[in-house]
Amino acid sequence: MLCFPHPFIIICSSNRSLCTEVGWFGFLCREEMAENVTVNGEFSFPNAGKGTGTGTVRNGLARIQTHTKKENGICHDDSGPPVKAQTIDELHSLQKKRSAPTTPIKGAQGAFATISEEERQKQQLQSISASLASLTRETGPKVVKGDPAKKPETPKVAHDHHFAPNISISDSALKFTHILYNLSPAELYEQAIKYEQGSSITSSGALATLSGAKTGRSPRDKRVVRDETTEDELWWGKGSPNIEMDEQTFLVNRERAVDYLNSLDKVYVNDQFLNWDPQHRIKVRIVSARAYHSLFMHNMCIRPTAEELETFGTPDFTIYNAGRFPCNRYTHYMTSSTSIDLNLDRREMVILGTQYAGEMKKGLFSVMHYLMPKRQILSLHSGCNIGKNGDVALFFGLSGTGKTTLSTDHNRYLIGDDEHCWSENGVSNIEGGCYAKCIDLSKEKEPDIWNAIKFGTVLENVVFDEHTREVDYSDKSVTENTRAAYPIEYIPNAKIPCVGPHPKNVILLACDAFGVLPPVSKLNLAQTMYHFISGYTALVAGTEDGIKEPQATFSACFGAAFIMLHPTKYAAMLAEKMQRHGATGWLVNTGWSGGSYGSGNRIKLAYTRKIIDAIHSGSLLKASYKKSQVFGLEIPTEIEGVPSEILDPINTWADKKAYQGNILKLAGLFKKNFEGFVNYKIGKDNALTEQILAAGPNF
């Protein structure tokens with residue numbers, strides 16, 4: 001007999017003798033209600049108060065009656081229709097809809113256009129299998145989509161999409177490699193938490209992960225194949241970040257990485273893009289062993305639409321991230337168990353012996369520094385924003401110069417925070433996300449970054465409370481290099497798509513701890529090239545062990561670790577684009593005034609912001625200027641909101657002799673640093689090189 005909950009005190013069964021008083025919340029059987037409840041829903045209690053006759057039940061309570069008719073002796077069933085499942089597994093399968101492209105296939109465009117869905121899936125797996133191919137076997141492993149840990153939820157009528165090439169018999173040929181292809185953040189969360197120790201969901205919803213023994217990049221373990229092409233094209237030798245290896249060694253490491261990935265039950269595959277300019281974007285494929293790496297690259301690269309994924313085809317560049325597996329130290333050119341190898345001819349990158357995800361991001365940036373100049377596109381390590389009137393500014397600066405702080409402006413839209421291209425179409429962000437430092441992060445200082453750390457964000461190597469999962473951003477127990485990787489649309493004022501017109505201002509930031517550079521100076525083209533190539537800032541006492549006084553540091557093009565060509569080539573491209581599009585160069589000092597570090601004071605951020613505002617508005621172009629000594633910089637005499645006396649640094653020094661000593665010392669360091677570039681000729685003659693040298697300090 002069917003019963004339903006009702007706020008009365010009787011529980012009933014088909015046997016009246018079993019009816020019992022139970023309290024306020026009980027169950028009323030419809031059969032026991034059959035006589036006294038009216039059709040319109042109003043209750044009646046006939047014979048109430050007449051003892052325990054036929055109209056009452058035990059304890060004097062009236063029997064509830066209804067006029068509802070029974071059908072075939074069965075109470076009315078008000079439940080919904082039954083679910084369309086015969087087993088619990090089938091029920092679970094109904095919970096999740098299959099993902100399928102919803103956009104139409106456009107005719108005759110791309111590798112997968114005008115073909116059936118099954119054929120498209122087959123070609124996609126063939127492409128992935130080819131990426132994972134051993135060079136000795138020439139064909140890839142058996143691959144199938146899906147998580148091997150998931151049991152079949154429903155009987156399949158059609159076969160699973162898989163690709164099984166004919167290959168020589170080996171252990172890897174006897175198994176399928178499961179491909180987890182372009183998983184969503186939610187799916188990658190599940191994978192990371194279930195299979196990767198050290199992965200947790202924090203109180204903000206971000207995924208906390210650990211990168212293993214390496215918590216930063218390993219620049220000394222990065223290698224580039226030196227062959228007939230790169231021999232002449234790349235920058236080799238003193239000062240260059242490019243450490244050579246031969247192709248045979250690369251192939252040994254590639255084979256090692258591919259064999260490791262093929263030995264796993266599953267690998268993660270991301271097909272994504274670099275460069276928001278659709279005319280010049282690059283297709284990249286990332287094959288990795290960790291959900292953490294897949295989610296990181298999902299955030300950092302540009303995420304394709306369903307339609308773009310349909311026509312993705314063969315990638316332009318492939319990363320094999322086997323970071324959990326070491327390289328063989330006895331292999332030629334190897335100096336540790338870590339190796340990050342680039343082969344520009346094969347368009348491939350191999351990672352062994354490090355799980356730090358930043359290697360993938362910066363490795364691809366190096367690739368863009370090689371590929372883009374071939375198209376006459378300048379690749380830049382810079383921040384970029386755009387005003388409401390369409391004026392674009394580029395910000396260059398090393399760590400500690402304020403690049404992130406100054407390029408993040410609530411009155412302007414953010415195009416990107418780190419990597420950009422400048423083409424004939426304007427500027428475009430290379431990436432689809434941001435990779436922000438988290439050490440000592442606070443909501444008050446960096447509200448945009450703080451609010452971006454939510455579901456979908458990867459938090460690297462942070463420390464959190466084991467119970468509340470609240471992150472302590474001041475804790476350096478794992479590393480000082482804690483990071484957050486999140487999609488750029490998590491920033492409220494991000495400009496989507498991340499493109500803009502040609503820049504009007506190129507701002508070079510320096511934190512001068514010697515206290516001798518002016519807060520701002522206007523640069524001519526030769527000076528812009530000189531200071532761009534120099535990439536100057538200063539380390540101060542306390543930032544690193546053993547530093548007792550300010551130390552100058554130089555990084556060519558403000559990103560020497562990532563450039564592939566000689567710095568003067570990027571500088572010449574920058575000058576040409578600035579001249580063609582009428583951009584102005586500026587050198588902004590965010591460091592010390594009135595003395596060097598320890599005796600002077602750091603220039604107030606409020607003054608620097610006023611300077612940047614004057615640059616954006618164009619008012620600084622109209623100011624009066626005078627030329628400084630030694631460096632020959634054009635210094636404005638007046639800026640609204642900034643004390644005029646600080647604009648020429650000599651005015652702020654009480655000890656003029658000490659000022660002269662410091663400016664000559666810094667000038668000497670600039671000259672010494674530039675010695676590595678003086679013998680490199682730009683163009684057919686040496687005229688441009690001579691102009692750049694003349695733009696440096698003169699004493």
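## Basis of the description

Glu 431 is buried, with a relative accessible area of 4%, where buried means under 20% relative accessible area, exposed over 50% and partly exposed in between (1.4 Å probe, protein chains only). The model is predicted, so that local features need pLDDT of at least 70 and side-chain atom pairs count only at pLDDT 80 or more, whereas totals for chains, interfaces and linings use all residues. Residues are numbered from 1 along each chain as its sequence is written, and side-chain values use heavy atoms, with hydrogens and water left out.

## Salt bridges

The structure holds 20 salt bridges, a salt bridge being a side-chain nitrogen of Lys or Arg within 4 Å of a carboxyl oxygen of Asp or Glu. In one of them the side chains of Lys 361 and Glu 431 meet at 2.6 Å, N to O. This pair links distant parts of the chain, with Lys 361 in helix α8 (residues 358-374) and Glu 431 in the loop between β22 (426-429) and β23 (433-437), 70 residues apart; helices (H or I, at least four residues) and strands (E, at least two) are DSSP runs, numbered from the N terminus. Lys 361 is buried, with a relative accessible area of 4%.

Asp 418 and Lys 362 form another salt bridge, in which the closest N and O atoms are 2.8 Å apart. Here too the pair links distant parts of the chain, since Asp 418 lies in the loop between β20 (413-416) and β21 (419-423) and Lys 362 in helix α8, 56 residues apart. Both Asp 418 and Lys 362 are buried. A further salt bridge joins Lys 626 to Asp 648, with 3.1 Å between the closest N and O atoms; Lys 626 is in strand β36 (residues 625-627) and Asp 648 in the loop between β37 (634-636) and α14 (656-674), 22 residues apart. Lys 626 is partly exposed at 38% relative accessibility, while Asp 648 is buried with a relative accessible area of 14%. Salt bridges that share partners join Lys 361, Lys 362, Lys 403, Asp 418, Glu 419 and Glu 431 into one network.

## Helix packing

Ser 407 is found in helix α9 (residues 403-407) and counts as buried at 3% relative accessibility. Leaving aside residues up to four places away in sequence, Ser 407 touches Asn 385, Phe 395 and Leu 414, contact meaning heavy atoms within 4.5 Å.

The axes of helix α11 (residues 525-534) and α14 come within 10 Å and cross at roughly 80°; axes are lines fitted to C-alpha atoms, for helices over the stretch in contact, and angles run from 0 to 180 degrees between N-to-C directions. The helices α11 and α14 are therefore roughly perpendicular to each other, given that angles under 35 degrees count as roughly parallel, over 145 as roughly antiparallel, 65 to 115 as roughly perpendicular and the rest as oblique. Tyr 530, His 531, Ile 533 and Ser 534 of α11 make the contact with Phe 670, Lys 671, Asn 673 and Phe 674 of α14. By class, this contact of α11 with α14 has 4 nonpolar, 3 polar and 1 charged residues, where Ala, Val, Leu, Ile, Met, Phe, Trp, Tyr, Cys and Pro count as nonpolar, Asp, Glu, Lys and Arg as charged, and the others, Gly among them, as polar.

## The five-stranded sheet

An open sheet of 5 strands has the order β8-β9-β24-β27-β23, with mixed pairing; two strands pair if DSSP finds at least two bridges between them. β8 (200-201) and β23 stand at the edges, each with a single partner strand, so one side of each lacks a neighbour in the sheet. β8 runs antiparallel to β9 (residues 207-209), joined by 2 bridges, and Ser 200 stands opposite Ala 208 in β9.

Strand β27 (483-487) pairs in the antiparallel sense with β24 (458-460) over 3 bridges, and 5 bridges join β27 to β23, again antiparallel. Leu 459 stands opposite Ala 484 in β27, and Tyr 435 opposite Ala 485. In a regular strand the side chains alternate between the two faces of the sheet. Both faces of β27 are covered, with Arg 483, Ala 485 and Pro 487 buried on one side and Ala 484 and Tyr 486 buried on the other. Helix α6 (residues 291-300) lies across β9, β23, β24 and β27, running at about 120° to β24.

## The four-stranded sheet

In another open sheet, 4 strands follow the order β17-β21-β22-β28 with antiparallel pairing. β17 (378-381) and β28 (499-500) stand at its edges, each with a single partner strand, so one side of each has no neighbour in the sheet. β21 and β22 pair over 4 bridges, and Trp 422 stands opposite Val 427 in β22.
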